[in-house]
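This report goes through a few local features of one protein chain. Keep the sequence and the 3D view open while reading.

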Amino acid sequence: MKKWFPVWPLLALAVAVLVWNYPAYALADRIAAASQGRIQVLNSHGSVWSGQMQLGISDGSRLYAIGEPLHWRLAMFQHGHWLGVALQHPKLLEAVHLGVDAGGISVSGGELQVPAAWLGGLGAPFNTIRPEGLLRTQWQAWQSGQDLRVQIHWQDAQSALASIRPLGEYVITVTGNPDTKVSLNLETRKGPLQLDGQGHWTRGQRFVFNGYASSDERSKEALTGLLSQMGRREGEQYRLGVF
């Protein structure tokens, strides 16, 4: 009687080889779909396990290319994680490590520094305001179930619509548990342009934000054009948005 060699080990090996060599370019459509077209893959090299990818941000009519490529490397069963991902980019002060295990997802702390002009890729009102300066995003190490803390600093803030340079310095702080509720606070550290606001997102509900923009008395005339593009006027202030 002929004996058959079990085929499942060969099938498992074939699947592993296929996944290991899955080309990075095959992720382009998935990334575009997941971001609703905001993030585009301009070119890529390697596989899903190790490679690099140059990205672009689109506002629907214009594409803002990110000059340097994003590098990644995946590893299995390292440092107590089932799957680990290391991300590197010149705009990151150090590599960011993501891990997946039985407890969920973990992210190492880090800092990202990018030109504020990249905000134009988010569409209105940023593509009209055309912000300039530096955006510094800092975050603490986080894992599933814990509170997060993220701060975004807009330094040397400028706009193509304002002759006053710089406009000031501003900070957005995001805190809370993504599983329940996350809060956002916008504050002005210094400058003639005043930005202030608070918002929150509760799981299962819409994000709610109330914020206002204004200027000091000496800069009111020079900043009127910019303020009118940032929101609806209400007395001496301009409402940034209610969602």
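## Loops, salt bridges and a pocket

P166 sits in the loop that runs between strand 11 (148-159) and strand 12 (168-177). The model is a predicted one. R165 and P166 are joined by a cis peptide bond, with omega at about 0°. Another cis peptide bond leads from A124 to P125, and its omega is near 0°. P125 belongs to the loop between strand 8 (110-115) and helix 3 (126-129).

**Backbone angles**

Q36 is not a glycine, yet its phi is positive, about 55°. This residue is placed in the loop between helix 2 (28-34) and strand 1 (39-46). Q36 counts as exposed because its relative accessibility is 75%, and the cut-off for exposed is over 50%. R130 is also not a glycine and has a positive phi of about 50°. R130 lies in the loop between helix 3 and strand 9 (131-139). With a relative accessibility of 47%, R130 counts as partly exposed.

**Salt bridges**

How many salt bridges does the structure hold? There are 8 salt bridges in the structure.

| Pair | N to O distance |
|---|---|
| E68 and K91 | 3.9 Å |
| R232 and E234 | 3.2 Å |
| E234 and R239 | 2.8 Å |

E68 forms a salt bridge with K91. This pair links distant parts of the chain, 23 residues apart: E68 is in the loop between strand 3 and strand 4, and K91 is in the loop between strand 5 and strand 6. E68 is partly exposed, at 26% relative accessible area, and K91 is partly exposed as well, at 22%.

E234 takes part in a salt bridge with R232 and in one with R239. Are these residues buried or exposed? R232 counts as exposed, at 54% relative accessibility. E234 counts as partly exposed, at 29%. R239 is buried, since its relative accessible area is 17% and buried means under 20%. A network of salt bridges also links E217, K220 and E236.

**A residue in strand 3**

A65 is part of strand 3 (residues 63-65). Its relative accessible area is 49%, so A65 is partly exposed. L42 is 23 residues away from A65 along the chain, and the C-alpha atoms of the two are separated by 8.0 Å.

**The second largest pocket**

The second largest pocket holds about 200 Å³ of space. It is lined by 14 residues, and those closest to its centre are H79, G84, V85, H97 and L98. Which strand gives the most to this lining? Strand 5 does, with 5 residues. Strand 4 (70-78), strand 5 and strand 6 (96-101) each supply at least two residues of the lining. By type, the lining residues of this pocket divide into 6 nonpolar, 7 polar and 1 charged.

**A nonpolar patch**

Which residues make the nonpolar surface patch of about 390 Å²? The patch is made by M76, F77 and W82. W82 is located in strand 5 (residues 81-88), the strand that gives the most residues to the lining of the second largest pocket.

Conventions
Residues are numbered from 1 along each chain as its sequence is written. This is a predicted model: local features need pLDDT of at least 70, side-chain atom pairs count only at pLDDT 80 or more; totals for chains, interfaces and linings use all residues. Side-chain values use heavy atoms; hydrogens and water are left out. Patches are made of residues with over 30% relative accessible area and no salt bridge: like charges are joined within 9 Å, nonpolar side chains (Val, Leu, Ile, Met, Phe, Trp, Tyr) within 5 Å. Accessible areas come from the Shrake-Rupley method with a 1.4 Å probe; for residues, only the protein chains shown count as cover. A salt bridge is a side-chain nitrogen of Lys or Arg within 4 Å of a carboxyl oxygen of Asp or Glu. Helices (H or I, at least four residues) and strands (E, at least two) are DSSP runs, numbered from the N terminus. On a 1 Å grid over the protein atoms alone, a cavity is a set of points where a 1.4 Å probe fits but cannot get out, and a pocket is an open set with protein on both sides within 12 Å along at least five of seven lines; lining residues have an atom within 4 Å of a point. Grid points are joined across faces, edges and corners, and a volume is the space filled by probe spheres set on the points. Ala, Val, Leu, Ile, Met, Phe, Trp, Tyr, Cys and Pro count as nonpolar, Asp, Glu, Lys and Arg as charged, and the others, Gly among them, as polar. Buried means under 20% relative accessible area, exposed over 50%, partly exposed in between (1.4 Å probe, protein chains only).
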